[in-house]
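This report describes the barrel, the helices and the nonpolar cores of one protein model. Please examine the sequence and the structure before reading on.

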Amino acid sequence: MLQRQTAFASSRHLQRRARIAARSVTLTALAALAALAACGGGGSTGGTPTATVSSASVSATHYAAPAFVTINGLGLDSTLGVSSNGCKNFVRLTAAPYVSSTTTAYYQCTVSGALSSTVTIQSNGTTIGSAPFTVPAPQVTMAVNNGLGVNGNLVITLKGDVAPITVDNFLAYVNSGFYNGLIFHRVSPNFVIQGGGYKPSVNGVLPAAQATSAPIAYESGGGKNLQWTISMARTQQLNSATSQFFINLVDNPSLDGSDPYAVFGTISTTSIPVVQAITAAPCAADNTDLPAGDCLPIPNVVITAATQTQ
């Protein structure tokens, strides 16, 4: 009898312990669910909704200038990916008159690279829209004068679609006014004329070269150093071009070999007489670093103005 009572008591004790354990599990589960609800869990994805685009357009006028992208649709306050191989440095606009919203988004970029291109719009890695645009090839006009017969314009068409780093660099100098007042300091007959680094000489001696921006990387895409092309001058280091440039007076295949120079444009046919006048102008040897046989035009051929005209 004692044994039966003991067994019965043990059974009731085990059942009681099981009920307590079950309640403990239930309370733990409820606490976990409450924690999930507090932090936005509970099975909700919490992801950004995918945007949709009903229309998109690009307002672009010329190379190296700002372009404005207008996107219409839904959910445009979400993070969009906007890119193009003809425009760089995209920025979402939020100030009047370009106030982006959930139904209209405005972006600004700087035209550079391909002259005919497309702006691509993505949301969560998926392309949801696009807009094409085209700009004319960039062009620079340099007015030159030596006060003694050399007087005219050098019109240079730049190859922004194949040498964007070089063209962006050149246009940055042009549009900052850097070249205004500098000279063509080197004439090398049957080879090149070179400029873009010095102010006028004093008693036939060049001053120190003008301070420049950082050197740029060499680009090979601009083509060959043929007659009437324009290329970047540099030191013996390949990636060292800054502001100085030269115009090829003849085909110069030696400049395309193992030690190449980057071509980034051509001069117009109407500019050829001006280049020839610079080549034929009075010229004297100087005591600076010009190679033997080269000379400094005196009076100096001054770049009176350099302007991006297209």
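In this predicted model, 8 strands form a closed barrel in the order S8-S9-S14-S12-S13-S11-S10-S17, with antiparallel pairing. From one strand to the next, the twist averages 35°. Strands (E, at least two residues) and helices (H or I, at least four) are DSSP runs, numbered from the N terminus; two strands pair if DSSP finds at least two bridges between them. Strands of a sheet pair through backbone hydrogen bonds, either parallel or antiparallel.

Angles run from 0 to 180 degrees between N-to-C directions, and axes are lines fitted to C-alpha atoms, for helices over the stretch in contact.

A nonpolar core is a set of buried (under 20% relative accessible area, 1.4 Å probe, protein chains only) Ala, Val, Leu, Ile, Met, Phe, Trp, Tyr and Cys residues joined through side-chain atoms within 4.5 Å. The largest core has 60 residues, of which Leu80, Met142, Phe170 and Tyr179 touch the most other members. Helix H2 gives the largest share of this core, 5 residues. A second, separate core of 6 residues includes Ile183 and Leu206.

Residues are numbered from 1 along each chain as its sequence is written. Local features need pLDDT of at least 70, side-chain atom pairs count only at pLDDT 80 or more, totals for chains, interfaces and linings use all residues, and side-chain values use heavy atoms, with hydrogens and water left out.

Key
Buried means under 20% relative accessible area, exposed over 50%, partly exposed in between (1.4 Å probe, protein chains only).
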